[in-house]
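Please find below my notes on the model you sent.

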Amino acid sequence: MTDDPCGMSLMEVADAIRARRLSSLEVTRACLARIERLDGHLKCFIALEAEAALGEAAARDAELARGKLRGALHGVPLAHKDMFYRPGAVSTGGSEIRRNWRAERHATVLQRLEAAGAVNLGRLNMSEFAAGPTGHNKFYGACRNPWNPRHMTGGSSSGSGAAVAARLVYGALGSDTGGSIRMPAAANGVVGLKPTYGRVSRFGAMPRAWSLDHVGPLARTALDCALLSGIIAGADPQDPTASAAPVPDYLASLAAGIKGWRVGVPHEEGYAGVAPEVRASLAASLEALRSLGARLVPVRLPDLSLAYQVADTIIKCEAATIHRRWLGERPQDYSDHVRSRIEAGLFIPATRYIEALSLRATLLAEFLTQVMAEIDVLHLPALPLPVPTLAESDVEGTGEAVLTLVAQLSRFTRPFNLLGLPALSVPCGFSASGLPLGFQLIGKPFAEAALFTLAHSYQQATDFHRQSPRL
């Protein structure tokens, strides 16, 4: 444990506040000072709400002095992607169109975090309308990777990944429609969960494509991520897609270990196009899991490009439906690449969209039968390439090569939005240029606990999650 509150994990700082070794006000001031010092360059925040945060922290300290403990996050500073609504508060969605738009609803996930005692520091940067895997944003500035600010953060939950990695906050919520939690987690060296479809309510969250949207946490460790997930998961009468399945205690099983667990590893063809240094890092992570008692089981992946294309069709159609009025009334207020991606959905026939939706159940059943039946967890790359620079991944006014690179980034993430399976990104090393690398764990429906247990066991044997960028 470090003496600097900003260097502590979420669990460590929550324990320190609960035991009154630190006050929420001390911790919040430390975070605000760090944000003030670093964020002008990193651009993690769209809006910092310092005065309100200090008021919340003081209130949490006063409650604790009276013997009232709200919950596991009592007094812990967090911040979230600027797409979760609070009544009367601005929520931009990273866009020009909603720069001054105020919400009328209160996102269920925010209510649950607040009920657990969290302090809100502000609203985090993101790709415009959650429509980009790199973290570029024409209107609020490109979020910069804290390990090397010349490199991208990944998107669309760019500010969430970078703020957690830079030790500005202890955890953050993001959304994932094609990899938008897992890619920033991998690019910034933190842990990020895309839960099972329906595990977490999306009420009060800006939609990107409602059939594929998932809400989940990013944090520094699997332990922290499990804690946040247990708080936000569960049924919600305001979201009919939220599952009523009971939420297990994700923390209870973490210490059980993974001896005898079957970890699926793709045959060689499943790694086609994965960069050599990513492959080497993946291989080392698998050896670490083997040393912890896991059994590595070869599996043959289906062609993930079909699920990718089906998901792409659904995203385009649903996004075009959501944005149809603005596309007609305010086309100039979109960045060119976001408008062109959304407009494409206007030209896809309804029959094609319905066909894509109908394939979802079939592809899921086949994947569970052919890949997941004889394993507990599947191990895959999160990003198949080392983290590109901002210049290399800037699609605004660039050529075909950049578009191809950007499409590659979500190659191993987007298919699992279609399938709705839980997926966890875990840091597992660094590239030759010093940028983080990560692997992705895929589980069976509602098997988030298995992902957390395996990731926690891995993090007990490695220290990648303990390393922080030199800012």
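1. Strand 2 and strand 3 (residues 119-124) pair in the parallel sense, over 4 bridges. Within this pairing, L78 has N120 of strand 3 as its bridge partner. Note for what follows that this is a predicted model.

2. The sheet that holds this pair is open, has 3 strands in the order 1-3-2, and is mixed in its pairing. Strand 1 (45-48) and strand 2 are the edge strands; each has a single partner strand, so one side of each lacks a neighbour in the sheet. From one strand to the next the twist averages 35°. Helix 2 (residues 24-42) lies across strand 1, strand 2 and strand 3, and runs at about 20° to strand 3.

3. A second open sheet is built from 8 strands in the order 4-6-5-10-11-9-7-8, again with mixed pairing. Its edges are strand 4 (171-176) and strand 8, and since each of these has a single partner strand, one side of each is left without a neighbour in the sheet. Neighbouring strands here are turned against each other by 30° on average, direction ignored.

4. Which strands does strand 5 pair with in the antiparallel sense? One is strand 10 (residues 423-430), which pairs with strand 5 (residues 191-194) over 3 bridges. The other is strand 6, where the antiparallel pairing with strand 5 runs over 2 bridges. On the strand 10 side, L193 stands opposite L424, and K194 has A423 as its bridge partner. On the strand 6 side, the bridge partner of V191 is A219.

5. Strand 5 is covered on both faces. V191 and L193 lie on one side, G192 and K194 on the other, and all of them are buried.

6. Helix 4 (residues 108-115) has T108, V109, L110 and L113 buried. The elements covering these buried residues include strand 2 (77-81), strand 4, strand 6 (214-219) and helix 7 (222-232). Strand 2 belongs to the sheet with the order 1-3-2, while strand 4 and strand 6 belong to the sheet with the order 4-6-5-10-11-9-7-8, and helix 4 has buried residues covered by strands of both. Just after helix 4, G117 adopts a positive phi of about 105°.

7. How do helix 9 and helix 10 (residues 336-343) cross? Their axes come within 8 Å, and the crossing angle is roughly 115°. Helix 9 contributes K316, A319, A320, H323 and L327 to the contact, and helix 10 contributes R339, R341, I342 and E343. By type, the contact residues divide into 4 nonpolar, 1 polar and 4 charged.

8. The largest nonpolar core comprises 152 residues, and L73, F367 and L378 have the most contacts inside it. Helix 9 gives the most to this core, with 10 residues. Leaving aside residues up to four places away in sequence, L378 touches G264, V299, L301, F367, V371, M372, Q440, L441 and I442. One of these, F367, is itself among the residues with the most contacts in the core. In general terms, nonpolar side chains of soluble globular proteins tend to be buried together.

9. T321 lies in helix 9. Is T321 buried or exposed? With 54% relative accessibility, T321 counts as exposed, because the cut-off for that class is over 50%. Its C-alpha atom is separated by 9.5 Å from that of E343, 22 residues apart along the chain.

10. R300 sits in the loop between strand 8 (295-299) and helix 9 (304-329). At 52% relative accessibility, R300 also counts as exposed. Not counting residues up to four places away in sequence, R300 touches H267, E269 and V371. R300 and V371 are 71 residues apart in sequence, with a C-alpha to C-alpha distance of 6.9 Å. V371 is also touched by L378.

Note on methods
Residues are numbered from 1 along each chain as its sequence is written. This is a predicted model: local features need pLDDT of at least 70, side-chain atom pairs count only at pLDDT 80 or more; totals for chains, interfaces and linings use all residues. Side-chain values use heavy atoms; hydrogens and water are left out. Buried means under 20% relative accessible area, exposed over 50%, partly exposed in between (1.4 Å probe, protein chains only). Contact means heavy atoms within 4.5 Å. Two strands pair if DSSP finds at least two bridges between them. Axes are lines fitted to C-alpha atoms, for helices over the stretch in contact, and angles run from 0 to 180 degrees between N-to-C directions. Ala, Val, Leu, Ile, Met, Phe, Trp, Tyr, Cys and Pro count as nonpolar, Asp, Glu, Lys and Arg as charged, and the others, Gly among them, as polar. A nonpolar core is a set of buried Ala, Val, Leu, Ile, Met, Phe, Trp, Tyr and Cys residues joined through side-chain atoms within 4.5 Å.
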